[in-house]
Amino acid sequence: MIEGIRRIQEMMEREQYVTDRGIATTAYLAMELKKPVLIEGQAGVGKTEIAKVLSSALGTELIRLQCYEGLDVNTALYEWNYPKQMLRIKMDEGSRRGIDAQEQAIFSDAFLLKRPLLQAISGQEQAPVLLIDEVDRADEEFEAFLLEVLSDFQVTIPELGTIRAQHRPYVVLTSNRTRELSDALKRRCLYLWIDFPTFDKEVRIITTKVPGINERLAHQIAMFMQAIRHVKLNKTPGVAETLDWAMSMMALHQDHLEQDAVRETLGAFIKDRDDVAKLRGQPLEVLISSMNGQEEEDVSAWVQSVTQRLEKELSTR
Amino acid sequence: MGSVGDAAPRERALYALKSRARHADLQRHVVAFGRELRAREMLVTSTEIMDGLRTLGRVDLGDRHDVYLGLQSVFVSRTEDVPIFDEVFDRFWRRIARVEEEEPGEQDPGSEGAEEGAAQPSGEGKEQLRLTDPDSEGDEGEGEGDEEALPLYSPVEMLAGKDFSRFQAEEMAEVARAVLVIAKRLATRESRRTRAASRSHLIDPRRTVRRNMKYGGTIIELARKQRKIRKPRLVLICDVSRSMDTYSRFLLQFIHALQNTIGKVESFVFSTSLTRVTDYFKGEEITEALDRIAREVRDWSGGTRIGQSLETFNSEWARKLVDRRTIVLILSDGLDTGDAEVLRGAMEELDSRAGKVIWLNPLLGSKDYRPLARGMSTALEHVDVFAPAHNLASLAELGRHLAT
């Protein structure tokens with residue numbers, strides 16, 4: 001591994017983000033090749049987190065653009081501050097200023113509301129991190145517009161002229177894959193797929209993010225999550241759920257998993273009514289009873305055997 | 001440039017020459033690598049290849065994992081392609097490892113390459129050949145070979161030149177009219193985006209301020225805007241199995257008309273497997289289109305495997321074509337001979353992606369039909385609208401459902 005990649009990995013770990021080489025390599029290349037990164041993965045695997053960590057690791061500003069259906073250029077780029085413009089016009093009523101001068105005054109920087117994309121481009125000090133979150137939710141026309149901005153890092157405002165980025169922002173796009181993004185956008189970006197964490201990584205995440213948790217509980221929770229993600233659920237719990245759950249267990253002063261405690265805290269990580277109904281009772285019992293005394297064993301073998309038993313349990317219903 | 005005996009410049013020149021050659025070699029390998037990925041249908045263009053080269057200049061070439069991760073983030077653009085990438089990368093690494101070996105002082109990546117080779121002994125001979133000439137067109141030849149190796153369809157499924165030519169003109173015109181009604185419905189959904197308009201109840205502050213500058217800023221004229229019309233996308237999946245024979249021609253006509261009225265329509269037909277037919281209908285005469293489909297769609301009037309066909313659609317097309325604005329229209333009688341569980345799973349996935357799933361069933365027209373066919377009843381729970389499609393009247397009725 002070369003120095004640059006290791007440095008980024010260390011930087012991210014310092015920000016309490018448990019990373020791996022794949023993530024660090026892509027982040028490194030994004031900076032070196034000056035390309036945006038497109039991050040895809042299931043909900044709750046920490047896609048958005050990467051941008052946040054990057055910005056605090058680099059000590060730079062994080063600018064976030066949350067995408068949604070119908071998001072348009074006015075919301076993403078800039079808008080004129082109309083109330084302020086009108087007030088100014090009123091105040092100037094007595095003066096003899098010509099229309100041209102007045103127009104120039106109210107269509108100036110002071111009346112401009114900068115939305116995320118313009119903010120990211122017009123930063124003066126240093127390159128910010130621009131997070132374009134859930135880009136798959138925006139519609140295709142917006143994607144095309146985004147593509148334009150991402151290739152030139154400049155925008156034109158009719159009243160003001162062209163604004164070019166002095167510092168090219170680090171761009172992170174995330175997608176939950178509700179639709180396929182255009183090939184053109186994909187080609188503009190480096191690609192990173194983030195999977196649910198492996199057992200070891202998840203244990204590290206828990207112990208990093210939930211300080212004071214005992215090792216046994218962290219192991220058990222991670223094992224439980226590994227197994228539960230093999231069950232077909234409407235909403236598979238992600239890392240955020242793991243952490244919520246670990247904190248709930250801590251708050252209840254539990255130091256290991258047992259039936260009652262799991263049942264009581266189920267809502268921390270299973271957030272779908274059908275899923276709760278599906279797991280409640282026998283399946284949970286199967287999972288937890290098979291876990292005791294297994295902490296030191298081969299986790300993947302355990303996951304495999306317990307998933308089989310769970311499947312059998314669920315199919316007999 | 002120096003006196004005799006001054007070896008340094010010459011060595012330097014030699015080194016430069018060597019490293020340039022090495023670079024050229026690398027370049028060749030990366031180009032071949034990209035080409036191979038493209039041959040496997042991955043999204044690779046010259047941009048990726050350039051980025052690939054730039055990446056290799058920035059990672060440790062002796063470290064397989066570094067090179068692998070770096071190139072992966074450049075060349076892969078969807079996670080489904082990772083297995084293909086892995087496979088092709090394996091070969092690439094062996095090539096590049098060879099280039100590296102000639103460099104003195106490098107660690108010995110060749111051993112790793114050999115290890116990789118051992119894991120896949122069958123491919124070894126071919127690799128060597130490829131190594132000597134990565135630019136040869138061997139890849140394509142091989143691709144053709146693969147295709148030939150694919151199992152052919154059984155003769156029963158093959159279409160024996162069906163005659164679609166006996167269409168009646170009035171019938172066509174009527175279908176076109178029904179489709180127009182439907183198209184109109186489809187074309188009138190409002191978006192959250194707006195555009196300028198002269199009469200509307202929404203005021204556009206931006207243009208209002210602009211326009212009233214000429215009155216010294218007193219607002220006299222209001223500029224208005226209205227919501228843009230948003231056209232949803234439509235995906236048609238039409239059953240052309242034997243049990244649908246009486247209807248499929250009629251329904252294809254419907255597809256043709258729809259596709260030529262509304263912009264974004266994608267169409268597919270299936271009986272035992274799925275075929276995309278969007279292009280067949282583009283701008284062509286309906287009879288020509290039908291002829292071509294009859295000629296080229298292999299399993300016309302075969303059995304029905306709705307489940308598998310929809311599964312194929314989900315895995316190969318859905319992500320590209322279906323989002324929450326998409327209406328998926330399935331035209332089938334639901335008489336499935338395949339696994340009901342597969343159908344249920346496929347419908348569930350489709351339902352979760354699409355804005356609306358509409359199932360049109362020609363058999364629904366007959367009074368004593370109840371959706372008891374096993375496939376149909378499992379699929380129904382993931383269908384938003386279940387409606388008949390046996391005649392023009394029922395198609396016209398469809399327009400009502402399409403306006404969400």
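**A friendly note on helices, cores and the chain contact**

1. In chain A, the axes of helix 11 and helix 16 (residues 299-315) come within 9 Å and cross at roughly 50 degrees. Axes here are lines fitted to C-alpha atoms over the stretch in contact, with angles from 0 to 180 degrees between N-to-C directions. Helices are DSSP runs (H or I, at least four residues) and strands likewise (E, at least two), numbered from the N terminus.

2. Before going on: this is a predicted model, where local features need pLDDT of at least 70 and side-chain atom pairs pLDDT 80 or more, while totals for chains, interfaces and linings use all residues. Residues are numbered from 1 along each chain as its sequence is written, and chains are lettered from A and ligands numbered from 1 in the order in which they are written.

3. Met223(A), Gln226(A) and Ala227(A) of helix 11 meet residues of helix 16 including Trp302(A) and Val306(A); contact means C-beta atoms, placed from the backbone, within 7 Å.

4. The largest nonpolar core has 99 residues, and Phe224(A) is among those with the most contacts inside it. Such a core joins buried Ala, Val, Leu, Ile, Met, Phe, Trp, Tyr and Cys residues through C-beta atoms within 7 Å; buried means 20 or more other C-beta atoms within 10 Å. Helix 11 (residues 215-228) of chain A gives the largest share, eight residues.

5. Between the chains, 32 residues of chain A are in contact with 34 of chain B. Helix 2 of chain A supplies the largest share of its side, seven residues.

Note on methods: Two residues are in contact if their C-beta atoms, placed from the backbone, lie within 7 Å. A residue is buried if 20 or more other C-beta atoms lie within 10 Å of its own, exposed if 12 or fewer, and partly exposed in between; C-beta atoms are placed from the backbone.
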